[in-house]
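Hello,

Here is the structure to go with your reading. Please keep it open while you go through the notes below.

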Amino acid sequence: MTEPTDLTAHRLAELIRRREISPVEAVEASLARIEQLNPTVNAVVTVCADRALDAAKKAEQAVRSGAELGPLHGVPIAVKDLDPVAGVRMTRGSLVFAEDVPTETILCVERLEQAGAIVVGKTNTPEFGFKATTDNALFGPTPTPFNLAMNAGGSSGGSAAAVAAGLVPLAQGSDAGGSLRVPAAFCGVFAMMTTFGRVAVPAKPNAFRRLNPMVCYAPLARSVRDAVIGLDVMSGPHPRDPFSFPVGDRLADGLDGDLTGLRVAYSPDLGGYPVTAEAERLVRVALPALVEAGAVVEEVDFKLPFPHDELTAMWRRYLSLCHAESAEVARRQGLDLVGDHSGSIEAGYIDSVRVGDSFRAVDFRLEDLMRTQVLDAFEDLFDRYDLIASPVNGITGVPNGSGRDTVGPHEIDGRPVDRYVGWSLTSPFNLIASPAASVPVGRAANGVPVGLQLAARRHQDVKVIRGAAAIEARLPWADSYRDLRLGA
């Protein structure tokens with residue numbers, strides 16, 4: 001029989017419900033694969049074997065008793081190490097928090113556990129998730145399983161690599177500017193940032209800390225169906241998240257991949273971002289799949305109101321405000337990150353905190369004026385098209401550094417870019433709080449996977465799933481995982 005670690009999440013859950021595989025067998029297989037391959041892929045930084053096996057035994061009893069089972073009953077998952085799971089170490093990729101153990105679980109993971117999923121470990125991330133590559137001084141870099149010399153991307157890189165390598169079929173991540181889509185592209189897995197507020201994220205004790213609508217939580221998976229199951233479980237409002245909303249549709253409704261009547265705008269550079277010829281060529285190859293599914297695809301000469309470097313700088317200033325806020329919260333709790341601990345923290349993060357500290361309130365409001373112009377440009381395009389397609393990344397990989405020095409290039413084809421995040425085309429959709437996904441569409445000459453970005457208007461998440469399912473049906477990527485020779 002096929003090994004449990006080779007199965008998709010939905011297939012594994014199905015076999016568990018049919019009692020052909022037990023939850024204990026599924027979790028043991030995941031733990032064994034982590035033990036075997038994690039020294040190579042460095043995706044999981046904390047393994048919670050005892051907690052997972054205890055949960056698996058209870059899940060097995062539920063199967064035997066004929067209890068009602070959730071859609072992910074007995075399925076092993078991993079959680080990004082920026083987000084809390086009660087009783088499991090959460091380092092945030094930082095030496096400062098190397099032994100921190102939270103007492104609460106983030107709501108999106110709590111909902112996955114209520115659906116039967118079993119957390120087996122925490123996954124690697126850049127320190128405090130502040131850049132689009134995954135490494136840190138505590139654990140080092142996480143490579144893409146397709147080329148161990150190249151980085152998995154970030155900041156959900158550990159989760160993406162864990163899924164691609166078959167350590168778990170599903171892993172939780174988050175996205176404030178591409179942190180789901182960038183590593184999903186580099187690791188050949190699927191991930192989707194939903195409309196902001198679809199997945200509730202209560203922030204205790206102050207629910208209004210999240211006034212800046214850029215962050216989304218979602219699973220990374222080896223199939224669109226798996227990701228949809230996880231997202232439908234995670235979705236829905238919560239009284240302690242004032243920006244969350246009742247969900248009136250199910251993403252599963254888009255799995256038929258029928259694009260009849262849909263119009264797709266293809267922008268090879270999303271209005272001016274630098275993109276290598278190889279990255280763009282590999283993304284363009286996927287466009288006929290959308291046409292075969294019934295869509296009308298047109299290449300557009302789309303222009304954003306600001307140059308790519310100004311947009312990246314604007315997004316980074318927003319993120320700096322978040323970093324400054326987090327540092328201030330830590331300071332009020334007696335932990336001075338930029339003072340007493342600055343020598344232990346990556347310099348790029350400290351610089352970001354200081355930029356955020358220098359912001360005036362009026363500066364923040366002026367940034368919102370720029371952000372509104374970005375929204376208007378996209379809305380003008382959405383008036384004519386249902387989906388926007390583009391590359392996820394402008395490059396086909398980032399070489400691993402050592403420790404915490406993995407960053408992207410200074411330039412692409414002679415055009416300067418921000419080394420931390422400026423080589424991806426993802427952050428504009430965070431600025432406008434729209435749904436956007438990374439869909440695997442091929443591999444570059446160096447073996448690193450390439451992703452196509454699909455985006456839609458707010459609250460039209462199902463259209464993104466339709467487009468992704470159409471591509472998956474015609475350019476299936478599942479066999480690519482069998483090409484991996486990790487630990488062989």
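Helices (H or I, at least four residues) and strands (E, at least two) are DSSP runs, numbered from the N terminus. The model is predicted, so local features need pLDDT of at least 70 and side-chain atom pairs count only at pLDDT 80 or more, while totals for chains, interfaces and linings use all residues. Residues are numbered from 1 along each chain as its sequence is written, and side-chain values use heavy atoms, with hydrogens and water left out.

Helix 5 (residues 157-164): eight of its eight residues are buried, so the helix is largely enclosed by the rest of the structure. Buried means under 20% relative accessible area, with a 1.4 Å probe and protein chains only. These buried residues pack against several elements, including strand 2 (76-80), strand 3 (118-123) and helix 6 (181-187); contact here means heavy atoms within 4.5 Å. Just after helix 5, glycine 166 has a positive phi of about 80 degrees.

Serine 424 sits in the loop between strand 13 (415-416) and helix 13 (427-431). Its relative accessible area is 4%, so serine 424 is buried. The side chain of serine 424 reaches the backbone oxygen of valine 421 at 3.2 Å. Leaving out residues up to four places away in sequence, serine 424 touches Val182, Tyr273, Val392, Asn393 and Gly394.

Which residues of helix 3 does helix 2 meet? Pro23, Val24, Val27, Glu28 and Leu31 in helix 2 meet Ala49, Ala52, Leu53, Ala56, Lys57, Ala59, Glu60 and Val63 in helix 3.

Regards

Technical notes. Buried < 20%, exposed > 50% of the residue type's maximum accessible area, 1.4 Å probe, protein only. Polar contact = N/O pair within 3.5 Å; in protein donor to acceptor, adjacent residues only side chain to side chain.
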